[in-house]
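Here's a quick walk through the model below. Have the viewer open and follow along.

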Amino acid sequence: MTPVIGISCYVERARWGPWDRSAALIPYTYVNVVAAAGACPILLPPGGGQASTVIDRLDGLVLAGGADVGPDLYAAQPHAETVTRPDRDANEMALLRAALAVDLPVLGVCRGMQLLAVAYGGALDQHLPESVGHPGHLPEPGVFGAHPATFAPGSRVAAIFGPVSEVNSYHHQSIADPGRLAVTGWAGDGVIEAVEDPAMRFVLGVQWHPEEAADVRPFAALVAAAGAPAGAAARARRAVAG
Amino acid sequence: MSRPVIGIMTYAEEAQFGLVDTFAAVLPLSYVHGVHESGGRAVLITPDDPDTDILERIDGIVFAGGSDIDPTLFGERAHPAAHVKPDRDAAELLMMRAAIEADLPIFGICRGMQLMAVAYGGWLHQHLPDVLGTDYHRPAAGPKFGQHPVRFAPGSKCQEILGDEVIVNSFHHQGIADPGRLTPVGWSPQDGLIEATEDPAKTFVLGVQWHPEDSTDFRLFAAHIEAARARRDRHAPVP
């Protein structure tokens, strides 16, 4: 059976065809890389609760990019540049916790990586240009930057991308404190570019956007982990789910 | 009690949101809201190159509205007013046929109902104003709903759920000419156009021409979700 990978989706006012209305949506780049990795993508909109009911039906979870994570989740006051989506935060935090509880493989992209850090007890830098003194991680609205990232030897991210990789970049927040996650990737200015939890089957966050670069590798690694023998909790879950 | 998981097929469109202009999987949030308000948990399925294995992970499926059905699917050339997405048609027909085969509860809305008719061997009027001589079913040129009554056949699932007659919203220019092996169960009294169809041989195969997700009447969503719950509980292993 084809593995099924859930992708958290955006809720935004959007325009398409004759319409201009509130929509659940995701750039097709995410759908394409998950399908290219050999899995069925399925999108997970906010609302409806029932995180563990949803996680029970999945083999892996992608936390997608998007707006800023609510600073209330790491006990900070919002910065003037911080733009949040509380409905997404609630949905994705619940899905993530339910996934971690059964050792379901998780890949966090950009916002998704930052959400991972917050779930693991960390905190975010709410406006990176003020900390690093340059706009290189988001050169201008709507334009991706690019820079090298260096990865820790022996890490999961290094196994996927090698010791150094050129990455795209579009974010104004970053991880200030990774909590209980291991930091395994850095930009030249010291900004955290990758985090992981080596104790789990597959928990990896990347600060850049591999889906925009049509880089299937991290998605293929997620799918491979999803097909690997599950932990005892996941096996029990599958037996119950039939 | 865990909620039934309801898959909704999305649109695939060039969309603009915030500073982004990109090809996206997109669905009016009202469909998600309709499912969540009616006791289900919505997940969204994209119409690219879908794998029908995904049907084993959901308890029911909704085929949503959107662009016109490609008339080549029922052997006609496209009307000049047609806006078709042949890839979405192909993907949704594949999923619908597999869902029918698996007796998964299916709810078709507008385009979803028309696709259901095609999957059951029927065909469509391509442009109702040519057939009926009026804009009755899509009164305005822009995205603005019309409104009219629909009457239901005695003994149909629709009548059981909605009563003898309801006022519905309306925004479509295609319509069912022949429902194939589906049973027509609801009509617009003014012109006799088919507004609701069912397959009584299946657990829940129901299509409506209007847009319950853009109304406050979620009774059909609730009935679909109850059918999904019953099927899931039947299939659950005995502890």
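Let's begin with helix 1 (residues 29-37) of chain B, which is mostly covered: seven of its nine residues are buried (buried means 20 or more other C-beta atoms within 10 Å of the residue's own, with C-beta atoms placed from the backbone). Among them are Tyr31(B), His33(B) and His36(B). Just after this helix, Gly39(B) has a positive phi of about 95°.

A word on the ground rules: this is a predicted model, where local features need pLDDT of at least 70, side-chain atom pairs count only at pLDDT 80 or more, and totals for chains, interfaces and linings use all residues. Residues are numbered from 1 along each chain as its sequence is written, while chains are lettered from A and ligands numbered from 1 in the order in which they are written. Helices (H or I, at least four residues) and strands (E, at least two) are DSSP runs, numbered from the N terminus.

Now for the contact between the chains. Chain A puts in 38 residues and chain B 37, a contact being two C-beta atoms, placed from the backbone, within 7 Å. On the side of chain A that touches chain B, strand 3 of chain A gives the most, with eight residues. That strand also pairs with strand 3 (residues 20-28) of chain B, antiparallel over five bridges (pairing takes at least two DSSP bridges). There, Ala23(A) has Pro28(B) as its bridge partner.

Finally, back in chain B, Glu92(B), Leu93(B), Met96(B), Arg97(B) and Ile100(B) of helix 2 meet Leu115(B), Met116(B) and Ala119(B) of helix 3.

Technical notes
A residue is buried if 20 or more other C-beta atoms lie within 10 Å of its own, exposed if 12 or fewer, and partly exposed in between; C-beta atoms are placed from the backbone.
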